[in-house]
Amino acid sequence: MLFLENASAALLTAEYAITNERLSAAHAAMTRHSVRSYLDIPVTDDELQTLLELTGRAPSAFNLQPWRFIVVRDQAIKNALKEAAYGQKQVGEAPVVIAIYADMDDAMANLAEVVHPDLTTEKRASTIAMLENNFGGMTPEARANWANGQANIALGYLLLIAKSEGFDTSPMLGFEPDRVKAILGIPTGATITAMVALGRGADDGFRSHRHAVERTTRFR
Ligand SMILES: Cc1cc2nc3c(=O)[nH]c(=O)nc-3n(C[C@H](O)[C@H](O)[C@H](O)COP(=O)(O)O)c2cc1C
């Protein structure tokens, strides 16, 4: 169990254990579809903890991890989110809706959290100063865009990990951000990266069609 030996303390607290029931990354990538119809099967606290801990393993530039999550299981809140999402039925039907947002103000106010603990005191201080200088020179809009790019890495992780762990998802950008922020108490300066409906699908979604490698890639 090399993975467990190297796992973070946080991951160990979730008592995460590798079993053969999980899909490989390749299998999950090939079989994941957006699913917009859900069975009424709850997602447990432990399952959510595992999904969020694994999602939090996503990399980010400077390890800044500006992504934040709000996990919604309350039906009344899901109903309100559904209205803010133009009535998309998966928002009300899935047992869980996760709002992923990027909060650069929070990240900037807590830079010491993300600087590697193995650095010397001097190196930690100079790294924090470099980050303050780097991001302090950007406009709030540019910072928010940058953080949203990082949070999209976590979104990709969440979608793939959820499939690997036996769940289906529906990522969404079709919603009124200001309304969703008001419902969930997300800071106005934050950017909502996506809402994700999550649970056990009642169907398999649409068959995927994707570009071939030749369409998207040039080798030089
Ligand atoms: C960031 C993002 C936002 C999306 N927004 C919506 C949405 O609001 N409503 C919806 O039904 N599907 C939405 N989708 C799903 C896409 O249409 C879907 O991922 C794409 O057609 C590929 O299909 P697949 O997910 O089944 O592979 C979104 C997907 C992503 C990644």
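Trainee: How many helices and strands does the secondary structure of the chain come to?
Mentor: The model is predicted, and its elements are numbered from the N terminus. Among them are helix 8, residues 121-136, and helix 9, residues 140-164. The count for the chain is 11 helices and four strands.

Trainee: What is the radius of gyration of the chain, and why does the chain count as compact as a globular protein of that length?
Mentor: For 220 residues the globule rule gives 17 Å. The value for the chain is close to that, so the chain is as compact as a globular protein of that length. The radius of gyration is 19 Å.

Trainee: What box do the C-alpha atoms of the chain fill?
Mentor: The box is taken along the principal axes of the chain. Its dimensions are roughly 55 × 45 × 45 Å.

Trainee: What share of the residues in the chain is buried?
Mentor: A residue counts as buried when its relative accessible area is under 20%. The chain has 220 residues. Buried residues make up 40% of them.

Trainee: Which share of the accessible surface belongs to carbon and sulfur atoms?
Mentor: The accessible surface of the chain comes to about 12,600 Å². The part that belongs to carbon and sulfur atoms is 54%.

Trainee: Among contacts between residues at least 6 apart in sequence, what share joins residues at least 24 apart?
Mentor: A contact here means heavy atoms within 4.5 Å. Taking the contacts in the chain between residues at least 6 apart, the share that joins residues at least 24 apart is 78%.

Trainee: How many nonpolar, polar and charged residues does the shell around the ligand have?
Mentor: The residues around the ligand include Arg32, Arg36 and Arg210. By class, the shell has three nonpolar, six polar and three charged residues.

Trainee: How much of the area that the ligand exposes when taken alone does the protein bury?
Mentor: Gln88 has a polar side-chain atom 2.8 Å from a nitrogen atom of the ligand. Taken alone, the ligand exposes 620 Å². The protein buries 65% of that.

Trainee: Is Tyr38 buried or exposed?
Mentor: Tyr38 sits in the loop between helix 3 (25-31) and helix 4 (45-55). A polar atom of its side chain lies 2.8 Å from the backbone oxygen of Val35. The relative accessible area of Tyr38 is 5%, and the cut-off for buried is under 20%, so Tyr38 is buried.

Trainee: How far apart in space are Tyr38 and Asp168?
Mentor: In sequence, Tyr38 and Asp168 are 130 residues apart. From C-alpha to C-alpha, their separation in space is 8.5 Å.

Trainee: Is Tyr86 buried or exposed?
Mentor: Tyr86 lies in the loop between helix 5 (75-84) and helix 6 (89-93). Its phi is near 55 degrees, a positive value in a residue other than glycine. Its relative accessible area is 57%, and the cut-off for exposed is over 50%, so Tyr86 is exposed.

Trainee: What is the phi of Gln65?
Mentor: Gln65 is in the loop between helix 4 and strand 1 (67-72). Gln65 is partly exposed, at a relative accessible area of 26%. Although Gln65 is not a glycine, its phi is positive, at about 45 degrees.

Trainee: Leaving aside neighbours within four places in sequence, which residues are in contact with Gln150?
Mentor: Gln150 is found in helix 9. At 11% relative accessibility, Gln150 counts as buried. Its contacts beyond those neighbours are Ser60, Ala61, Pro66 and Trp67.

Terms used:
Residues are numbered from 1 along each chain as its sequence is written. This is a predicted model: local features need pLDDT of at least 70, side-chain atom pairs count only at pLDDT 80 or more; totals for chains, interfaces and linings use all residues. Side-chain values use heavy atoms; hydrogens and water are left out. A residue is near a molecule or strand if one of its heavy atoms lies within 4 Å of it. A polar contact is a pair of N or O atoms within 3.5 Å; within protein, one must be able to donate a hydrogen and the other to accept it, and residues adjacent in sequence count only if both atoms are side-chain atoms. Accessible areas come from the Shrake-Rupley method with a 1.4 Å probe; for residues, only the protein chains shown count as cover. Ala, Val, Leu, Ile, Met, Phe, Trp, Tyr, Cys and Pro count as nonpolar, Asp, Glu, Lys and Arg as charged, and the others, Gly among them, as polar. Helices (H or I, at least four residues) and strands (E, at least two) are DSSP runs, numbered from the N terminus. The radius of gyration is taken over C-alpha atoms; the globule rule is 2.2 Å times the number of residues to the power 0.38. Buried means under 20% relative accessible area, exposed over 50%, partly exposed in between (1.4 Å probe, protein chains only).
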